[in-house]
Amino acid sequence: MVVKVYGPAYATPKRVLVCLIEKEVEFETVPVDLLKGEHKDPEYLKLQPFGTVPVTQDGDYILYESRAILRYYAEKYKSQGTDLLGKTVEERGLVENWLEVEAQSYHPPIYTLTVQILFSSKLGFPRDENLIKESEEKLAKVLDIYEERLSKSKYLGGDFFSLADLSHLPFTQYLVDQMGKEYMIRSRKHVSAWWDDISSRPSWQKVLQLYAAPFKN
Amino acid sequence: MAIKVHGYAMSTCTARVLLCLSEKGLEYEVVPVDVANGAHKQQPYLSLNPFGQIPAFEDGDVKIFESRAISKYLARKYKDTGIDLLGSSSLTVSTIVDTWMEVESHQFNSPMQAIIRQMIVNPIFGIATDEKIIETELEKLGKVLDVYEERLSKCKYLGGDFYSLADLHHIPYLVYFMRTPKSSVITSRPHVSAWWNDISSRPATVKVAETMKV
């Protein structure tokens, strides 16, 4: 039985897709149209009571929250594909540290930018230019700290590519492409090199080829 | 002492780490950070937490920040000391614990943090309380707690039938929230209320909560 991933068109489920490809795990996808509100259908809410994507279904084992799904597959398939967690408790501790940084400090401003810039017209509300400006400023401060970190460490969690880096791929791709804010990455030498490295991985290129964003550029 | 927590008792994120250490019965030292004088935004603190946030953590040569990463590190490294806070014996079980830690982080934390800021933090700094924000965030919190009520009607604890980090991570904000007039949001939901009574009466919770004075 092959694991099903719900909502592949959207950024958050793409975290899971790139992880599964890195771990050489076969999967299928099930479309969910957020713009039509399919994530709030009673059938979907039975799988994910908070009504968000992604969900994975592995036989009877249903999981939600993308970072919990990442950790599960990275751990379950530890001995195949890329090691995304580190070899020791201490290495894992640092991977978890920077995955939390992504979740707590990077994600909120970049998510706000995504909703305001890319989804506001589709969801029927006007862009809040003040909020966009504030979010860009917050994100810039976080990127300054990343610049310092990446001047001392090849990847965020240490000297190996891990979940901490992987988790940044989908929304940062929106930032440099559809949002037209590539300058935020390119103006920071080490962040720029790190972005080129992680975004050119065959796994991420495959996700981009197979699963289009839910809108044109 | 090998384990050092840089922070202070009133800080919810520091409390999250102290709760984990207390549950595991581990020895540790709290290194106070002079937040009032901005010590957390300067060196040497920034070399422990470059975001200038509280807490930071050391275990010998290991240096980590982000309270939820610190608690997981402790639960894994000291798996065989004290209680198992992750459900380590089975990946499918520990992943459910992880899922509800993510739910705390992404669904519960944001409205709760906004409410505590309005009701408890702002008054300390002489900033006016915005009742509209409280109302909006309480509505969001209510919807999240409805899902919790359903979950806890089927399971004694959020991660399953055992106390885990999934429950523990909620405690710091709830300690403050239950001291406010809005605590009925918890007590009006029978399973959530029973869960809170259970986890708040654990000796480790009582010990750490006593030090959380505003």
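Guide: Start inside chain A, where domain 1 and domain 2 bury about 1,600 Å² between them. Carbon and sulfur atoms carry 62% of that area. Buried area is the accessible area, taken with a 1.4 Å probe, that two parts lose on being put together, summed over both. On the domain 1 side, A:Arg15, A:Arg67 and A:Arg71 lose the most area to domain 2 of chain A. Together they make up 34% of what that side buries.

A word on the model. It is predicted: local features need pLDDT of at least 70, side-chain atom pairs count only at pLDDT 80 or more, and totals for chains, interfaces and linings use all residues. Residues are numbered from 1 along each chain as its sequence is written, chains are lettered from A and ligands numbered from 1 in the order in which they are written, and side-chain values use heavy atoms, leaving out hydrogens and water.

Now the bounds. In chain A, domain 1 takes residues 3-83 + 206-210, and domain 2 takes residues 89-201. Such bounds come from an automatic or database domain assignment. Over C-alpha atoms, the centres of these two domains of chain A are 20 Å apart. Domain 1 of chain A brings 18 residues to the contact, and domain 2 of chain A brings 21. Contact here means heavy atoms within 4.5 Å.

Next, the charges. The rule finds 6 salt bridges across this interface of domain 1 and domain 2 of chain A. A salt bridge is a side-chain nitrogen of Lys or Arg within 4 Å of a carboxyl oxygen of Asp or Glu. A:Arg15 pairs this way with A:Glu102, with closest N and O atoms 3.0 Å apart. The same rule-based look gives 7 residue pairs in polar contact between the two domains of chain A, both residues at pLDDT 80 or more. A polar contact is a pair of N or O atoms within 3.5 Å; within protein, one must be able to donate a hydrogen and the other to accept it, and residues adjacent in sequence count only if both atoms are side-chain atoms.

Which elements build the domain 1 side? Two or more residues each come from α1 (11-22) and α3 (66-76) of chain A. Helices (H or I, at least four residues) and strands (E, at least two) are DSSP runs, numbered from the N terminus. α1(A) gives the largest share of that side, 7 residues. By class, the domain 1 side divides into 9 nonpolar, 2 polar and 7 charged residues. Ala, Val, Leu, Ile, Met, Phe, Trp, Tyr, Cys and Pro count as nonpolar, Asp, Glu, Lys and Arg as charged, and the others, Gly among them, as polar.

Stay with A:Arg71. The side chains of A:Arg71 and A:Glu96 meet in a salt bridge, 3.0 Å from N to O. This pair links distant parts of the chain: A:Arg71 is in helix α3 of chain A, A:Glu96 is in helix α4 (residues 89-123) of chain A, and they are 25 residues apart. A:Arg71 also reaches chain B, in a salt bridge with B:Asp98 at 3.0 Å, N to O.

That leads to the partner chain. Chain B and chain A bury about 2,600 Å² between them, and carbon and sulfur atoms give 65% of it. B:Phe51, B:Arg76 and B:Leu91 supply 21% of the area that chain B buries against chain A, more than any other three residues. Each chain gives 29 residues to the contact. On the chain B side, β4 (62-65), α2 (67-77), α3 (91-124) and α4 (131-154) each supply at least two residues. α3(B) gives the most, with 12 residues. The chain B side has 14 nonpolar, 7 polar and 8 charged residues.

Last, the record. In chain A, an unreviewed UniProt entry marks residues 1-81 as "domain: GST N-terminal". Residues 1-81 of chain A are 36% helix and 20% strand. UniProt also lists residues 88-215 of chain A as "domain: GST C-terminal", again from an unreviewed entry. Residues 88-215 of chain A are 73% helix and 0% strand. UniProt positions are given in the numbering used here, feature names are shortened, and annotations may be inferred rather than shown by experiment.
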